[in-house]
Amino acid sequence: MGDTHAETVTFVRDTMLPQQEPPLTTVGPIGWMRANLFSGVLNTILTLVSLAFIYYVLSGILPWVFQSVWNANSLTECREIMTATWGDTHGHACWGVIKDRWLQLLYGFYPPYPAYPDANFSAPPDGHWWPAYFRPNLTLILLILALLPVLFSGAPRKLLYLSAAYPFILPWLLWGGAIWVPLLVAAGFGIGYLAFVLISPRLGALSALIAAVVLPLLWWLFAVGPVSGALSSVLDIGIAPVQSRDFGGYMLAIVLGVVAIGCSLPLGVLMALGRQSDLMIVKYLCIGFIEFIRGVPLITLLFVASLLLNYFLPPGTNFDLILRVMIMMTLFAAAYMAEVVRGGLAALPKGQYEGADSLGLNYWQAQRLIIMPQALKISIPGIVSTFIGIFKDTTLVSIIGLFDVIGLASAIRADTAWNGIYWELFAFIGALFFVVCFTMSRYSMYLERKLQTGHR
């Protein structure tokens, strides 16, 4: 049949038309912009207004960031260089303060070489390989390695031993002292586990749980100090101690954030389970604690930790301020974490609990294998939001006298050399917090995609 008679039946074609390229206005960048930015009159107007606003903002920010002064020892010198370079124009940053004080902003007053303390924290003698800030840097590297097997399933499983040991390595590396103290603190957890295993078959789970909590507390409060002193007198192994008053800067925010985040999640899970428990005492203790903590601002708890707590302790008790702040921040985050996890538990259908019962699982087996994994998966956005919030709340410790990065910024601005500097310090601090918070946010999205099992 010829081309002139391609259509033999009305409205029916019996030959195929050749393929053609799609119009350029519907594919590629042009097609995307036409569909998303210029799809209508209103959308086009909003796009143009947004572009004008972005241009206005960037035209002020980019010169301020890039047309700036890095080599200056004071704000006055910065301004002299600006005037000589760009005239009387405004909008130029003085990053010389960051170059001059970045180590202080990161590490506070922590000695660069704590193994060789002197008045000026000078470099170690020749022949020693320890670089500056070796201990906090090593602590950060070990933190990353310890988190790898926890956050990523493809990481080497042997690193889990480091993950288990890291909570005891961190304080020893940063504060120093005898090696026996972290070892004896770790032994307290072993005592609690043995107490639970031995008492549970004889007196029941509740009595075993109480013993597993009380015995380690008694060990830590009354036995660790004398036993570590006795062991140190026999075999003194340790590193140079560093006082808590030397802690500060971004390092302090990292330490407080890591401890609060790492401890609040398991405590929050336990309190969420306790709030739903059939044991009346456990249930109402958890409810009372959660509601009290959630009803009090964090800054009030920090004031309690720094000032009022001393009135309730025996005279002469030396309770480290940073440790008190860690405890208060952990308890505060745990109360919010408990409600987040409880929301995940409430979102599970009743059939999941019935399915666990039908398999013959006991309470803890059902929670570990069926209930809690699904509840934590549902709660991922809320959990990470709580993590980010508590990490940013570490800046509140500047109010109670700890020189975190905000407190150091105020101290630097009070220096006569940098009196009047403002935006550069807080832009640098904001960038530091953004790196950590954005990383947690992106990991949360990665974890949600990885655990997605339903249909979109």
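Let's start at Gly-87. Just after helix α3, Gly-87 takes a positive phi of about 75°. Helices here are DSSP runs of H or I with at least four residues, numbered from the N terminus.

A word on the source. This is a predicted model, where local features need pLDDT of at least 70, side-chain atom pairs count only at pLDDT 80 or more, and totals for chains, interfaces and linings use all residues. Residues are numbered from 1 along each chain as its sequence is written, and side-chain values use heavy atoms, with hydrogens and water left out.

Now α3 itself. The helix has 12 residues and reaches 16 Å from its first C-alpha to its last. That is close to the 16 Å expected, taking 1.5 Å times one less than the number of residues.

Which residues of α3 are buried? Leu-75, Cys-78 and Met-82. Buried means under 20% relative accessible area, exposed means over 50%, with a 1.4 Å probe and protein chains only. The three cover an arc of only 50° around the axis, so they sit on the same side of α3. The arc is taken from the directions from the helix axis to the C-beta atoms. On the other side, Thr-76, Glu-80 and Ala-84 are exposed.

Back to Cys-78. It forms a disulfide with Cys-94, the sulfur atoms 1.9 Å apart; the cut-off is within 2.5 Å. Cys-78 lies in α3 (residues 75-86) and Cys-94 in the loop between α3 and α4 (96-107), so the pair ties together parts 16 residues apart in sequence. The S-S torsion is about 80°, so this disulfide is right-handed. Both cysteines, Cys-78 and Cys-94, are buried.

How many disulfides does a search of the whole structure find? It finds 1.

How values were computed:
Helix = DSSP H or I, 4+ residues; strand = E, 2+ residues; numbered from the N terminus.
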